[in-house]
Amino acid sequence: MKLKLREITEGETRLLVPETGELTKKSPVFFNPEMELSRDISVAIVKITEPETFCDLLSGSGARGIRIANETTAKVLANDINPMAYDLIKRNKELNSLDLEVTNLEGNLLLAGKRFDFIDIDPFGSPVHFIDSALRSVNKKGILAVTATDTAALCGTYPRACLRKYDALSLRTDYYNELGLRILMGYITRSAMRYEKGIKPLFSHCTRHYFRTYLQVLGGRSHAIKSLRNIAFIQHCFSCLEREFVTLDKLKSDCQCGADLHTAGPLWIGKFADSEFCRKLKGEIGQEYFGKSKEAVKLIDKIRLEQEVTKPYYNIHKVSKKMKTPSKPTNEIIEALQKRGFNAVRTHFSDLGLRTDADISEISDIISYDIK
Ligand SMILES: C[S@@+](CC[C@H](N)C(=O)[O-])C[C@H]1O[C@@H](n2cnc3c(N)ncnc32)[C@H](O)[C@@H]1O
């Protein structure tokens with residue numbers, strides 16, 4: 001089959017990509033223009049972390065790996081199992097006169113014999129198939145960048161799929177996308193701990209249909225033990241909407257309001273980004289040549305601020321609906337909570353989201369009476 005191509009420019013890189021068509025697993029070669037933000041962030045993160053070697057394991061047209069090779073100092077290997085993708089990556093390599101290795105191998109086979117400072121896993125759907133191999137072949141203090149697009153499984157629409165793939169219970173809550181990201185991060189951390197490794201989240205986000213997390217992998221039992229402290233469960237009450245992170249030995253059956261508690265996890269309960277790293281990332285991605293610079297800066301600012309509170313966000317409309325009270329503007333509720341001495345911020349997960357260390361009774365109280 002002959003592939004119809006067009007040339008585009010992303011960042012400072014020229015790319016031959018398939019002419020727009022259906023974006024499915026069956027596309028002859030996969031390229032999604034909507035992932036430019038994700039690729040911009042990857043390039044900026046590689047610039048900051050300066051890995052010597054970078055593996056674009058599931059490269060598709062080569063967009064990410066070719067950009068990393070062209071716009072950073074990393075030595076890149078770009079791989080795809082699809083022979084047509086392999087040919088296109090080579091054409092993109094020539095178009096930019098680059099020196100990078102291109103391979104046409106099954107991802108796990110490739111990783112079995114190699115080591116890298118930075119491994120990027122950008123699959124169709126779930127990344128679980130590649131996590132163990134990547135954890136074994138990432139170098140000390142190296143970075144794993146992982147995408148997941150199977151949000152229906154992670155966010156509670158298909159709980160049995162989540163149990164099968166991620167060995168975790170999921171629930172359809174008002175903070176469903178945060179729960180999904182935390183289950184994904186929890187899965188990678190639990191896998192790392194099996195190899196006496198721990199993880200440090202540098203940056204994670206949920207954008208449109210996908211999750212993306214950048215984790216530094218730290219070797220040694222002490223790091224594994226430290227990571228274990230961030231693995232627990234969440235207990236959620238669908239009646240009063242309270243939620244709480246709880247360790248396995250402290251799980252309860254009833255909420256303070258008397259209703260049943262529902263449990264999801266195991267999941268990651270710590271910060272999902274590092275504030276200092278967010279500052280550096282913002283500085284890097286502020287450069288004009290990043291096509292999605294403005295969008296990225298807004299996203300990073302929100303993510304940096306929301307690390308103050310790890311408890312999952314509340315959806316203000318859902319809380320108001322439960323109370324049968326008209327909704328109030330999120331900013332007003334945030335200000336009122338801050339006046340009462342609580343931490344309260346917006347979240348990148350939802351425009352209607354409010355992240356706070358206050359419990360549901362405080363929020364309900366403010367929504368009912370206390371604004372002005
Ligand atoms: C979502 S696409 C990658 C998109 C690309 N990273 C980008 O930024 O445009 C997933 C790719 O993984 C490839 N793939 C799927 N299973 C694979 C495997 N087991 N080993 C290597 N490549 C695989 C597919 O051929 C497809 O090109």
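1. Two strands count as paired if DSSP finds at least two bridges between them. Helices (H or I, at least four residues) and strands (E, at least two) are DSSP runs, numbered from the N terminus.

2. **Basis of the note.** This is a predicted model, in which local features need pLDDT of at least 70 and side-chain atom pairs count only at pLDDT 80 or more, while totals for chains, interfaces and linings use all residues. Residues are numbered from 1 along each chain as its sequence is written, and side-chain values use heavy atoms, with hydrogens and water left out.

3. **Strand 14 against strand 15.** Strand 15 covers residues 350-356 and runs antiparallel to strand 14, with three bridges joining the two. A hairpin links strand 14 to strand 15 through two residues. T347 has S350 of strand 15 as its bridge partner. V345 stands opposite R355 in strand 15. In general, strands of a sheet pair through backbone hydrogen bonds, either parallel or antiparallel.

4. **Strand 13 against strand 15.** This pairing is antiparallel too, with two bridges joining strand 13 to strand 15. N315 stands opposite G353 in strand 15.

5. **Burial of strand 15.** How many of the seven residues of strand 15 are buried? Five are, so strand 15 is largely enclosed by the rest of the structure. Buried means under 20% relative accessible area, exposed over 50%, and partly exposed in between (1.4 Å probe, protein chains only).

6. Axes are lines fitted to C-alpha atoms, for helices over the stretch in contact, and angles run from 0 to 180 degrees between N-to-C directions.

7. **Helix 1 against helix 11.** Helix 1 (residues 36-49) packs on helix 11 at an angle of about 75°, with the axes 10 Å apart. Helix 1 is therefore roughly perpendicular to helix 11. Angles of 65 to 115 degrees count as roughly perpendicular, under 35 as roughly parallel, over 145 as roughly antiparallel, and the rest as oblique. Helix 1 contributes L37, D40 and I41 to the contact, and helix 11 contributes S293, E295, A296 and L299. Contact means heavy atoms within 4.5 Å. By class, the contact of helix 1 with helix 11 has four nonpolar, one polar and two charged residues. Ala, Val, Leu, Ile, Met, Phe, Trp, Tyr, Cys and Pro count as nonpolar, Asp, Glu, Lys and Arg as charged, and the others, Gly among them, as polar.

8. **S293.** Leaving aside neighbours within four places in sequence, S293 is in contact with D40, I285, G286 and Q287.

9. **Helix 5 against helix 8.** Helix 5 (residues 128-137) and helix 8 (residues 176-194) pack at about 35°, with their axes 10 Å apart. The crossing of helix 5 past helix 8 is right-handed. A crossing is right-handed if the near helix is turned clockwise from the far one by less than a right angle, and left-handed if anticlockwise. V128, I131, D132 and L135 of helix 5 meet Y187, I188, S191, A192 and R194 of helix 8. By class, this contact has six nonpolar, one polar and two charged residues.

10. **M35.** M35 lies in the loop between strand 2 (13-18) and helix 1. M35 counts as buried at 5% relative accessibility. Not counting residues up to four places away in sequence, M35 touches R64, D122, T147, H209 and Y210. The C-alpha atoms of M35 and R208 are separated by 9.8 Å, and the two residues are 173 residues apart along the chain.

11. **Backbone points to check.** R208 is not a glycine, but has a positive phi of about 45°. R208 sits in the loop between strand 8 (197-207) and strand 9 (210-219). L241 also has a positive phi, near 75°. L241 lies in the loop between strand 10 (231-236) and strand 11 (243-246), and is buried, with a relative accessible area of 8%. The peptide bond from G265 to P266 is cis, with omega near 5°. P266 lies in strand 12 (residues 262-268).
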